[in-house]
4 protein chains.
Amino acid sequence: MDKTVLKQRLKKQCIETPSWGYADSGTRFGKWVQNSAARTLNEKLEDAGQVQKYTGICPVVALHIPWDIPEDGNWDGVKEIADGYGVRIGAINTNVFESQEYKWGSFGHTDKAIRQKAIDHHIECIDIANTTGSYGLSLWYGDGSNYPGQVHFRRRRERFQECLVEVYSKLTDNLRMLLEYKFFEPAFYHTDVSDWGQSLLFCQAMGERAQVLVDTGHHPTNTNIEHIVATLMSVGRLGGFHFNNRKYADDDLTVGSINPYEIFLIFNELVDGELSDNEFIRGQANNVAYMFDQSHCLKNKIEATIQSAIFCQETYAKALLVDRAALYEAQENNDVLVAEEILKDAYNTDVRPLLKELREEMGVDPDPVMAFRRSGYTEAKAEERVKLHGVATGGGYQ
Amino acid sequence: MDKTVLKQRLKKQCIETPSWGYADSGTRFGKWVQNSAARTLNEKLEDAGQVQKYTGICPVVALHIPWDIPEDGNWDGVKEIADGYGVRIGAINTNVFESQEYKWGSFGHTDKAIRQKAIDHHIECIDIANTTGSYGLSLWYGDGSNYPGQVHFRRRRERFQECLVEVYSKLTDNLRMLLEYKFFEPAFYHTDVSDWGQSLLFCQAMGERAQVLVDTGHHPTNTNIEHIVATLMSVGRLGGFHFNNRKYADDDLTVGSINPYEIFLIFNELVDGELSDNEFIRGQANNVAYMFDQSHCLKNKIEATIQSAIFCQETYAKALLVDRAALYEAQENNDVLVAEEILKDAYNTDVRPLLKELREEMGVDPDPVMAFRRSGYTEAKAEERVKLHGVATGGGYQ
Amino acid sequence: MDKTVLKQRLKKQCIETPSWGYADSGTRFGKWVQNSAARTLNEKLEDAGQVQKYTGICPVVALHIPWDIPEDGNWDGVKEIADGYGVRIGAINTNVFESQEYKWGSFGHTDKAIRQKAIDHHIECIDIANTTGSYGLSLWYGDGSNYPGQVHFRRRRERFQECLVEVYSKLTDNLRMLLEYKFFEPAFYHTDVSDWGQSLLFCQAMGERAQVLVDTGHHPTNTNIEHIVATLMSVGRLGGFHFNNRKYADDDLTVGSINPYEIFLIFNELVDGELSDNEFIRGQANNVAYMFDQSHCLKNKIEATIQSAIFCQETYAKALLVDRAALYEAQENNDVLVAEEILKDAYNTDVRPLLKELREEMGVDPDPVMAFRRSGYTEAKAEERVKLHGVATGGGYQ
Amino acid sequence: MDKTVLKQRLKKQCIETPSWGYADSGTRFGKWVQNSAARTLNEKLEDAGQVQKYTGICPVVALHIPWDIPEDGNWDGVKEIADGYGVRIGAINTNVFESQEYKWGSFGHTDKAIRQKAIDHHIECIDIANTTGSYGLSLWYGDGSNYPGQVHFRRRRERFQECLVEVYSKLTDNLRMLLEYKFFEPAFYHTDVSDWGQSLLFCQAMGERAQVLVDTGHHPTNTNIEHIVATLMSVGRLGGFHFNNRKYADDDLTVGSINPYEIFLIFNELVDGELSDNEFIRGQANNVAYMFDQSHCLKNKIEATIQSAIFCQETYAKALLVDRAALYEAQENNDVLVAEEILKDAYNTDVRPLLKELREEMGVDPDPVMAFRRSGYTEAKAEERVKLHGVATGGGYQ
């Protein structure tokens with residue numbers, strides 16, 4: 001690929017960072033705290049602004065409702081606040097899994113009143129999306145069951161689909177719905193939207209603006225995710241990504257930290273779509289929503305988010321470097337070794353010098369993570385936020 | 001459930017045994033041989049007849065083409081031969097994975113000539129199905145790739161779908177196509193029909209008489225198979241089963257040998273479908289094709305097949321015993337423990353006395369495996385078949 | 001086995017329940033609350049007394065320090081309080097994973113001061129064990145790392161071993177140390193005591209009274225746990241169990257809820273040890289500490305613990321019913337099918353009538369879970385405890 | 001690391017290639033054939049010579065007995081034949097898994113005569129090792145069971161250990177025994193040497209020259225192999241490696257083809273050992289036997305072996321580039337992100353220019369795989385070997 005074109009594409013790369021990624025998190029055994037962590041919507045947007053400042057490719061922030069409801073409940077000024085930090089609002093994430101009333105599920109609940117409550121929450125999120133200039137809803141459900149017999153699968157599925165279709169009917173034309181799937185957790189026997197097949201069936205029932213969201217940590221171990229990505233593109237249902245990495249379960253580690261080659265192979269499919277001569281495929285590939293969903297409980301949150309963005313930038317660059325003409329030829333000839341080596345050639349290329357150059361053109365620091373660390377932002381915010389909110393406190397298992 | 005009704009249902013239970021299950025098998029490290037193992041179609045049907053004789057619930061035999069092509073190539077008399085052994089012909093299994101020409105795939109192959117060859121094989125199998133009185137084709141593909149880059153996923157998917165649709169267009173109205181999926185093996189990087197979602201998409205492209213076949217050993221570890229079964233019933237695409245059990249990969253062990261409760265939970269969904277007040281669901285549940293696909297390389301093949309049938313009989317009986325009215329009530333009330341205990345009550349019931357009684361009514365021996373062992377069939381056939389074909393020989397890795 | 005002997009053994013069965021199992025728990029996404037849940041040591045012992053009252057086989061309670069430190073810090077009266085509820089104190093579980101100071105580990109920490117702090121905590125627990133009449137320490141560590149490079153494996157291992165050996169040197173002769181292993185979580189890249197091999201090596205370094213503790217949910221998926229159990233018995237290092245069940249990760253579900261046959265196979269090894277003619281093996285098998293470690297966030301905690309105890313009682317009874325002489329013979333003859341069927345015969349036996357009889361002899365209700373539910377204890381305690389502590393509150397991800 | 005020192009180390013790198021890797025292989029569904037594949041010991045050594053010729057780092061060939069027994073049964077000239085091809089004999093691999101007599105196991109077999117047969121085979125292999133100048137035995141067992149109840153774990157373990165100790169007693173002082181473990185396959189319920197813990201216990205029973213062999217494809221999914229490697233070094237039992245890669249089971253794919261970073265992390269531990277200031281650790285690290293065990297059924301075998309060697313060379317070079325002083329500092333400070341980035345810096349370095357330079361100094365072609373392909377060796381040997389042995393034939397499932 002011509003270097004100018006390559007750089008043009010790299011400059012257009014855009015990854016959405018999650019507001020909740022700037023707040024403290026942990027495991028079921030407790031939360032690890034950092035005094036500099038964000039605790040209000042304003043602070044989260046401020047932190048997201050830092051990531052954008054040091055990377056230039058993260059101008060969008062996903063919100064989580066109700067975690068991000070402004071203190072005064074007023075959404076009118078949020079767009080401007082975000083703008084002030086150099087970012088804009090991305091996907092609105094609904095949350096119908098945390099409140100005690102959702103103990104037995106949300107859209108799958110046996111009680112119509114709870115289902116209605118969940119529907120209302122979605123409708124509120126549609127409003128928020130429209131007020132904040134978002135492109136749509138990002139949907140993940142904790143719904144499922146822990147024991148055989150606990151629920152009736154088919155009845156539950158019916159209820160779930162009814163609610164989704166109801167929400168879709170309220171979706172304004174400018175928005176889309178991205179439906180995430182997850183193999184397990186927090187439910188440990190069955191999950192209502194357990195895999196891409198389940199998500200796809202629900203999307204088919206809803207309509208064209210309902211698409212599948214792929215979280216890279218939500219599959220059974222060993223799953224060939226890039227194959228799923230290609231399949232979803234083929235059938236017009238690839239909506240977006242939650243990037244992260246896992247070694248065991250849904251570990252929510254920094255993207256690329258465990259198996260960077262796997263992420264490269266996923267980007268390879270996406271670039272293949274972007275460069276396709278099939279307009280339908282190309283249109284989709286250029287409209288994928290890229291997001292992070294990670295839990296940086298040990299690392300500094302902003303540093304880790306910058307690190308993640310840089311990894312995705314490097315990986316996208318490598319995927320753009322793949323010699324696709326040669327690859328197709330090797331594939332047509334079943335020359336396995338050569339096809340494989342073409343991918344590896346691109347993957348093994350050290351793109352860091354190129355990206356330093358790119359960053360200079362984009363006006364960002366060539367060494368983003370360290371530049372941020374040196375800036376003193378973390379120390380300043382720790383001091384400021386402790387003054388405002390007190391010392392951060394953990395919360396254990398008991 | 002009323003005991004008379006229970007017995008009526010149990011008498012109608014029907015599980016298809018696979019012709020290839022009577023022949024020697026092994027692992028990639030070598031084949032373990034038994035002199036009594038069947039080597040010809042006639043011998044396989046004869047052995048299948050024994051399983052039917054001792055169980056009364058296995059009157060159907062699935063064939064594998066070309067493994068089961070009669071020595072004279074003539075299919076005309078096969079129905080009668082089967083009839084002579086007390087069995088009839090079930091699903092016709094196509095085989096486009098073994099011949100060297102399929103090294104790079106069959107329906108996914110880059111070479112149109114190979115794809116056409118595979119299509120022709122399927123059309124031949126449709127003919128065989130019609131000649132032998134079979135109800136349809138059972139389809140499993142070894143297609144996939146071993147290395148990243150080896151194939152272009154979307155192009156390959158297009159080719160695959162085109163071929164399936166072409167075959168479907170030749171399917172006579174009396175037949176159906178059951179499309180199996182498999183997570184991996186023999187391909188180790190990607191499999192073209194890797195999961196139920198992939199299979200379902202292909203079935204949707206083909207038409208109503210294309211349905212998904214669930215092999216209990218073909219999922220990522222931990223997959224909730226009963227949830228998939230229920231979902232496929234919900235959307236009208238549950239075609240059939242290959243029963244077996246696994247601990248690690250596609251181990252093809254005797255059904256129920258590793259996790260018998262899991263098989264009970266699957267039967268529980270099927271019975272729930274059979275007893276549904278929804279006619280669409282009920283119709284499907286009563287039309288599911290039950291088959292075994294196991295590799296009894298260490299056990300006597302007929303004994304192991306009888307053992308498998310008895311396990312399925314016991315498990316079906318237990319599933320019929322579930323107090324569904326009480327279960328629904330517990331489910332509606334989110335009484336997890338009680339719902340779970342209702343399933344366990346049925347599962348913990350010792351149905352063996354009931355089944356001995358049933359067998360007497362059906363005119364089969366109350367202790368099927370041991371009755372078969374005592375019959376001397378194995379020793380007699382070993383002698384006879386060694387005379388005919390020579391001593392069985394293994395085949396190692398090298 | 002003779003029915004009288006069988007009953008004698010069943011009457012001697014003893015399973016320890018965990019104090020923390022009576023308190024609220026949840027997942028990383030939040031805690032599900034029950035107003036009746038115990039919040040103080042006294043309440044936990046009181047609840048444990050209920051389990052003993054309705055089962056007769058759970059007279060021991062494991063404690064977790066510091067969760068169970070008495071409000072006045074005084075351990076002197078705890079033995080008597082427990083006694084008043086019909087229970088006694090079992091294993092003392094150390095906790096060096098929750099406090100913020102253990103963010104980077106405890107015995108594996110780079111900072112000697114933190115390691116010393118963790119050692120001191122263990123020594124305190126030895127004192128508590130001696131004061132409360134416990135038989136020893138139960139050790140589980142959250143230590144590990146989340147990212148490649150984060151720690152130096154060999155150096156960390158040295159530090160870890162040094163600390164363990166130091167604690168062992170303080171262990172009074174009447175106590176033993178049970179060292180648990182866990183594949184992953186809360187650490188997501190490496191765990192310091194990740195498998196039975198790691199635990200065994202540390203035990204070898206400590207001495208004879210250091211033994212391995214097997215938590216059934218702490219293995220890689222598909223692991224043959226019964227094989228590990230047998231191996232640990234062979235080498236004299238089987239210390240105890242944490243029973244629970246899992247489908248995906250360390251789900252901490254009710255024991256037997258997902259794969260009851262697996263638990264039967266584990267009990268089968270234990271009974272085989274109890275009945276061994278090898279005194280060394282027999283001695284060990286009779287000295288295994290049986291405990292639960294489950295997270296009943298959806299079920300009523302006492303009901304679920306009773307349910308677990310009953311499952312273990314049924315499973316132990318089934319394992320005792322195995323015809324061991326016949327099994328050995330089949331094994332010697334490599335008669336796979338018969339050996340398998342001998343196990344299944346015992347497993348398929350409905351032992352519930354026998355256990356009802358046993359319970360009458362033991363003076364406990366024949367239907368333990370439902371008897372407890374009917375007693376009104378839950379409702380009474382909910383009222384009482386809300387008065388004392390207020391309404392139970394959850395705690396979400398943020 | 002100083003470039004001169006780096007190159008010195010790279011020039012001393014040595015990876016053993018397996019004789020069986022030059023012969024045809026496949027899956028349980030059939031063998032994929034190549035006319036150029038080696039069929040005799042001589043041809044295998046000849047092919048191995050090619051790998052050494054084009055890489056310069058593969059001068060040793062592992063043999064498999066009885067697959068590699070010379071046609072005339074005479075081992076005397078083998079050393080010279082190998083020498084003629086520029087290679088020498090490495091590990092002697094015993095094979096007690098393929099012959100029908102080992103159907104129920106070898107060292108674990110119930111029949112003493114079979115166990116003795118297996119012992120005798122090992123003693124024969126010790127002789128072969130001494131005749132051919134090998135350094136020792138490489139031991140892998142197919143022993144295990146397929147069904148619960150089939151074997152008595154503790155008795156079987158005793159028999160197994162007795163046989164191993166017996167063989168060890170015959171081992172001449174110049175040799176060592178490398179004991180491989182494997183999670184599953186060909187046995188599907190339990191494997192006698194299932195994990196590193198089992199292997200280690202057997203090695204402890206044998207003596208100091210018995211060490212553990214790590215096959216990268218023989219672990220439960222997600223296992224942290226580098227942690228095991230470090231642990232085995234700590235306790236002085238790291239013997240050697242079988243390199244390959246897996247996505248699902250023991251797929252035996254080309255090393256680095258699925259998760260190249262994982263292999264880098266393993267090399268990182270090994271280099272850390274090589275550079276340790278602890279003499280005991282350093283001694284071990286410098287004495288590790290590096291081997292491949294892969295099944296290149298789709299790729300040209302020699303090309304794939306060269307590709308594997310080059311991958312290991314690149315990965316070793318990257319591991320040597322890790323800034324260990326900086327890494328230790330980051331680890332001591334718990335600076336997770338920096339520690340991680342130090343590893344990634346080395347991993348992301350494009351070492352290909354350096355290696356081209358190195359190859360020129362070593363007198364081998366800078367582009368090994370393509371140079372071999374262009375040489376016409378494959379075509380020439382296909383012609384020659386078809387003339388000698390006939391066209392290669394596959395072997396299917398039936």
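## Close-up views of a predicted model

**View 1. Strand β10 of chain C among its partners.** Strand β8 (residues 176–180) of chain C pairs with β10(C) in the parallel sense, over four bridges; strands pair here if DSSP finds at least two bridges between them. Helices (H or I, at least four residues) and strands (E, at least two) are DSSP runs, numbered from the N terminus. Welcome to a predicted model, in which local features need pLDDT of at least 70 and side-chain atom pairs count only at pLDDT 80 or more, while totals for chains, interfaces and linings use all residues. Residues are numbered from 1 along each chain as its sequence is written, and chains are lettered from A and ligands numbered from 1 in the order in which they are written. From β10(C) the chain crosses through helix α7 (residues 225–234) of chain C to β11(C), a right-handed β-α-β crossover (with the strands pointing away from the viewer, the path from the first strand over the helix to the second runs clockwise). Six of the six residues of β10(C) (residues 210–215) are buried, so this strand is largely enclosed by the rest of the structure. A residue is buried if 20 or more other C-beta atoms, placed from the backbone, lie within 10 Å of its own.

**View 2. The surroundings of C:Glu180.** C:Glu180 is found in strand β8 of chain C and, with 22 C-beta neighbours inside 10 Å, counts as buried. Leaving aside neighbours within four places in sequence, C:Glu180 is in contact with C:Ser138, C:Leu139, C:Trp140, C:Leu213, C:Asp215 and C:His242; contact requires C-beta atoms, placed from the backbone, within 7 Å.

**View 3. Helix α8 of chain C.** The 15 residues of helix α8 (residues 260–274) of chain C should span 21 Å at 1.5 Å a residue, and the end C-alpha atoms, 21 Å apart, agree; the expected span is 1.5 Å times one less than the number of residues. Of these 15 residues, 14 are buried, so α8(C) is largely enclosed by the rest of the structure.

**View 4. Chain C meets chain B.** Here 20 residues of chain C are in contact with 20 residues of chain B. On the chain C side, α8, α10 (301–321) and α12 (336–348) each supply at least two residues, and α12(C) gives the most, with four. A rotation of 180° with 0.0 Å of shift along its axis superposes chain C on chain B (RMSD 0.0 Å), by least squares on the C-alpha atoms of residues with pLDDT of at least 70 in both. The two copies are thus related as by a two-fold rotation axis.

**View 5. Chain D meets chain C.** In this view, 44 residues of chain D are in contact with 44 residues of chain C. Helices that each supply at least two residues to the chain D side include α5 (153–170), α6 (196–206) and α11 (324–332). Chain D superposes on chain C by a rotation of 180° with 0.0 Å of shift along its axis (RMSD 0.0 Å). In chain D, the C-alpha nearest the axis belongs to D:Gly197, 2.2 Å away.

How values were computed
Contact = placed C-beta atoms within 7 Å. Buried ≥ 20, exposed ≤ 12 C-beta atoms within 10 Å, placed from the backbone.
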